Amino acid sequence: MKCACARPDSHLIYFQVVIWRAVASIAWSVLLLPVTAAVFVLLSRFSLFHPIQWISDCTSLLAASSTVFSLVVLCGVVLITGFFNLEFYTLVPAIPCSRMALLGTVLHPRQCVHSLVYCTMGMLVMWCASVTIGGRYSTLGTPCRQSESGEVVTCLNEYHLFILLAGAFMGYSHSFLGVVQNMYYVSFQPIQQYKYPRFKGCLPMVVKCSVIQALYSARNFAAFYFFFGNSIQPLDSLTGLLDFSLLYHLSISGTFLYLTWYLTVLLFRICVTEAYSFPVQSTFTEDAEQSLPKVLAEKNTLVMKFLALQDLALLSHHSLSRRLEVFSLSQPGGHAHNWNAISRECLSLLSELTQRLVAHQDAVASNGRVKSQSASSDTRSASSSSSGKTPRLSVPLRTPGSVFKSSVGGANNALTAPFTPDVNSPFSSPAIRRLVGQQDRQSPCFGTEQSPHIMRRGPKLWSASTGLSHLVAASFSEDQFGVVQTTLPNVLSCLVVLLEAVDRHFKLPHASSKPVRTICSMGDSTYKTLRFALRAALKTAIYKITTTFGEHLNAVNISTEHRKRLQQFLEFKD
Amino acid sequence: MCSLGVFPAPVTAAQTLLERNNELLSALHPGEHPQTHEPLSACVSVPRFLAVGSACVLALLRWASSFHGSLFPHLTLSSDEMVAEFSQMLDWSDSALRSFAWHPHTDKFAVALLDDSIRIYKSNSSATPTLKHRCQRSVCALQWKPLCGSALAVACQSCLLIWHVDPTSLSTRPSSGCAQVLSHPGHSPITSIAWSPTGSLLVSASPVDTAMMVWDVAAESAVPLQRVGGGGVTYLSWSPDGSRLLAATPSALFRVWETRMWTCERWPCLKGSCQVRKLRKLSITVFELMYAFIYFFKLTFFSQTSWDPRGERLAVLLKGDSQAVNHPSVIAVFKTRSSPVFELLPCGFVMGEAGAEPRFMQFHPHFQHGALLTVCWSDGRISHVPFYFSSAGLLGGDSPQQALASNTADHSSNKLYTEQIS
């Protein structure tokens with residue numbers, strides 16, 4: 001792998017942190033499996049009028065060997081799902097530009113393999129479920145009639161086949177929706193919580209989503225089967241399909257299937273986005289690669305960069321001792337290595353976003369070139385979404401939405417971390433809108449979609465900007481050596497320039513339109529509002545600095561037009 | 001211990017104008033008033049059986065949706081009654097002024113009126129934008145966003161509205177497009193909102209929802225933080241350094257959340273002196289001083305307290321008895337000092353025009369010459385009472401600013417109360 005050769009140490013920390021977290025999430029999913037299976041068993045044998053028999057049936061079934069075998073199969077399914085989560089997760093949402101691009105993504109070989117595997121897994125899970133339900137669903141073949149010679153002929157059990165095919169259909173629709181709704185997009189939360197309370201808080205939403213999705217899929221599959229299923233009685237008629245027992249068992253099996261997959265995705269998200277505390281300066285040389293400034297400069301593994309930015313934002317808000325480490329001077333020599341490295345990285349993130357915004361605006365201004373740029377950004381986005389590990393030369397920083405939250409850290413990390421507002425989000429919404437048929441009379445996907453693409457990396461930026469501004473504000477009272485003051489003009493001008501670029505970006509058509517609210521879905525749609533979050537966080541960052549420094553800002557050496565803009569902030573006129 | 005008997009007697013036939021030289025001056029003929037409103041009356045008659053029946057059905061639905069179906073009497077109230085019960089404004093249902101909020105950094109304030117509109121008044125500007133929105137009904141609370149010049153959060157009956165009002169615009173009717181509507185099923189009516197001091201998060205609370213919502217406003221997403229017990233959340237208050245959040249419930253318990261990892265601890269209402277002694281041993285922040293004050297003085301009939309930003313004047317709104325003739329609501333002002341020891345000395349009563357009772361009060365966030373107390377009266381007037389004094393800190397002791405700064409150092413390492421006593 002390219003990254004392994006280039007940076008073995010960064011790969012090591014990636015393994016230490018991310019892979020370990022992914023394994024932990026898979027382990028938790030496997031541990032939760034008996035619980036969900038037990039609930040499923042209870043519901044599948046539900047009998048209102050014979051409660052004692054129901055309970056005794058369930059307890060005997062839970063101890064039966066067939067159930068244990070089904071559980072083993074389900075564990076295998078969960079392991080494969082977890083592996084796919086790790087392989088496909090992305091910190092930058094993929095926003096297809098047009099229907100053709102979406103079709104291209106869906107028909108991509110990688111996606112085809114993904115769909116195929118999910119169809120198979122869907123069938124496996126439904127087979128386990130139908131075996132558990134028992135009764136008329138348990139076997140594929142049933143003795144149906146006797147021929148003249150007295151032999152029993154085995155016929156196809158249509159109910160069982162129905163359930164199996166429904167499993168394949170649900171597996172494929174899950175895979176398809178994973179692309180459309182960006183289910184593999186991992187974003188950071190606005191507030192930090194321990195894993196268990198966060199899981200408890202998200203659980204009702206996950207259950208609701210799986211029930212709704214199962215009902216939708218059941219309805220769609222029933223319709224699909226009715227029109228296209230070439231089957232014998234009794235399911236070939238509407239009354240046959242509308243059998244309550246069949247629909248009920250299909251729905252709860254589907255719910256169980258989706259719940260298993262959604263829980264895996266949820267646990268993966270919770271484990272991977274947990275805050276990781278990087279040492280600001282390492283005491284030993286072998287740990288030097290794990291220190292915060294080094295990881296911030298990480299170009300290969302985006303997730304580590306995001307975690308570092310999140311850590312920066314948190315330390316800037318909450319941790320005095322770590323802030324003091326940032327502001328400290330090196331021994332011997334008296335150089336502010338920590339602050340210089342951190343500020344340089346954040347400022348480069350922010351200026352990178354500024355450049356992308358300016359380039360996009362230039363492109364839109366001269367309509368002809370827009371298409372070519374979008375194509376390149378598409379390829380970039382496609383490559384970035386494929387794997388967070390793929391090294392990309394021009395990867396704009398993606399600031400996870402959570403980054404903004406974390407950026408609360410006052411740390412002056414004002415590293416203008418490019419607010420890389422999820423440019424992608426603006427893009428994504430136009431893309432989705434296109435899918436539902438709203439035509440954009442402007443230049444195609446390029447114009448509107450560009451916005452999300454540019455902003456896709458946004459989350460990183462606003463956590464980066466927040467962290468930076470908080471650090472700068474905190475330095476007003478905590479910086480004993482004055483390391484921040486020398487870089488203050490740079491920080492301020494970078495922030496103001498980025499704010500101007502963002503304001504100009506919002507003047508573009510469609511950039512300031514709010515995305516449509518989506519119904520309950522597992523896909524994390526916070527990327528759609530990244531540009532708004534970026535703008536808000538950028539303004540808050542500048543206000544933080546101006547309210548802390550107040551009139552002292554007049555002594556800072558910045559250009560006159562930047563000073564005029566900052567004056568507006570000082571007077572709260574913005 | 002202190003009682004109201006040590007206060008100088010209130011002058012009943014005069015309106016308080018200002019404080020100077022440590023005494024409150026009044027005048028018999030008050031001058032111009034900045035605000036008058038005609039109370040609007042609305043009457044809709046509904047058949048009694050329908051009202052009772054729908055109230056019961058609504059209460060049943062709320063019990064069902066309230067976590068663990070806790071039985072709480074406040075859930076039988078209608079939405080408007082509930083808002084009136086838990087609003088900071090006394091007699092919210094009949095008051096011409098529904099809510100009031102000063103901007104934390106500039107000289108402007110927002111006031112919510114009986115007709116569900118919000119007016120913004122700025123000093124040095126005659127333009128007063130009026131904010132109206134179809135979702136803006138039964139406004140219970142207003143709060144300006146810190147570290148921002150234009151965002152105002154409004155707690156309405158069914159949703160939260162975030163208005164973005166351009167400070168330089170001269171328009172008097174900003175369009176509804178300037179408002180973001182944030183809503184969550186089951187989270188209405190919203191009676192309390194609180195921005196974090198950094199302006200990044202907005203927390204909202206409803207008396208029927210045991211979960212308080214932490215909003216990321218720009219992303220329009222919320223994280224519900226649910227805790228069993230209490231029956232709802234009625235009041236929220238951040239500590240000035242942003243490390244703690246107080247959440248009060250309608251029953252005899254409240255929670256203090258720490259905002260690093262968002263864990264909470266329950267504080268049952270203090271009864272008896274043993275818990276008060278424990279509280280004294282803690283190193284307490286300004287925020288926790290308020291809690292101690294209330295329980296030291298054992299004032300059970302106060303409705304609202306407001307502390308000026310310098311920490312030198314404390315105003316307490318004492319609720320009167322609307323049935324009794326000579327028992328009106330009054331505002332008592334204390335002089336306070338937090339170093340070297342915590343001191344509380346009576347200053348006086350703030351009186352309004354004849355017959356007017358105070359409904360709400362708030363100190364101006366940054367009055368240069370002392371403190372400025374803004375009072376909303378029952379007759380629809382808003383008056384500003386200045387307190388001219390030199391800050392005690394400027395005379396040689398630690399300035400309140402430095403004291404606050406030292407208090408804010410590294411609060412993430414401060415354990416919560418229960419961890420320290422165990």
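Let me begin with a term: a residue is called buried when its relative accessible area is under 20%, exposed when over 50%, and partly exposed in between, with a 1.4 Å probe and protein chains only. By that rule B:Glu353 is partly exposed, because its relative accessible area is 22%.

The structure before you is a predicted model, in which local features need pLDDT of at least 70 and side-chain atom pairs count only at pLDDT 80 or more, while totals for chains, interfaces and linings use all residues. Residues are numbered from 1 along each chain as its sequence is written, chains are lettered from A and ligands numbered from 1 in the order in which they are written, and side-chain values use heavy atoms, without hydrogens and water.

I turn now to the salt bridges. A salt bridge here is a side-chain nitrogen of Lys or Arg within 4 Å of a carboxyl oxygen of Asp or Glu. Over all chains, the structure holds 12 salt bridges. B:Glu353 takes part in one of them, with B:Arg381, at 3.3 Å from N to O. B:Arg381 sits in the loop between strand 24 (370-377) and strand 25 (382-388) of chain B, and B:Glu353 in the loop between strand 22 (343-350) and strand 23 (358-363) of chain B, so the pair ties together parts 28 residues apart in sequence.

B:Arg359 is buried, with a relative accessible area of 10%, whereas B:Glu357 is partly exposed at 25%.

In chain A, the side chains of A:Glu274 and A:Lys195 form a salt bridge at 3.0 Å, N to O. This pair links distant parts of the chain, 79 residues apart: A:Glu274 is in the loop between helix 10 (244-272) and helix 11 (292-296), and A:Lys195 is in helix 8 (residues 195-228). A:Glu274 counts as partly exposed at 28% relative accessibility, and A:Lys195 as partly exposed at 33%.

What, next, surrounds B:His187? B:His187 lies in the loop between strand 10 and strand 11 (192-195) of chain B and counts as buried, at 1% relative accessibility. Its side chain makes polar contacts (a pair of N or O atoms within 3.5 Å; within protein, one able to donate a hydrogen and the other to accept it, with residues adjacent in sequence counted only if both atoms are side-chain atoms). One is with the side chain of B:Ser204, at 2.9 Å, and another with that of B:Asp209, at 2.8 Å. Leaving aside neighbours within four places in sequence, B:His187 is in contact (heavy atoms within 4.5 Å) with residues including B:Ala205, B:Ser206, B:Ala211 and B:Met213.

Finally, the interface. The contact takes 32 residues from chain B and 30 residues from chain A. Between chain B and chain A the count is 0 salt bridges, and 1 residue pair is found in polar contact across the interface, both at pLDDT 80 or more. Strand 14 (221-226) of chain B is among the elements that give two or more residues to the side of chain B that touches chain A; this strand gives the most, with 3 residues.

Terms used:
Helix = DSSP H or I, 4+ residues; strand = E, 2+ residues; numbered from the N terminus.
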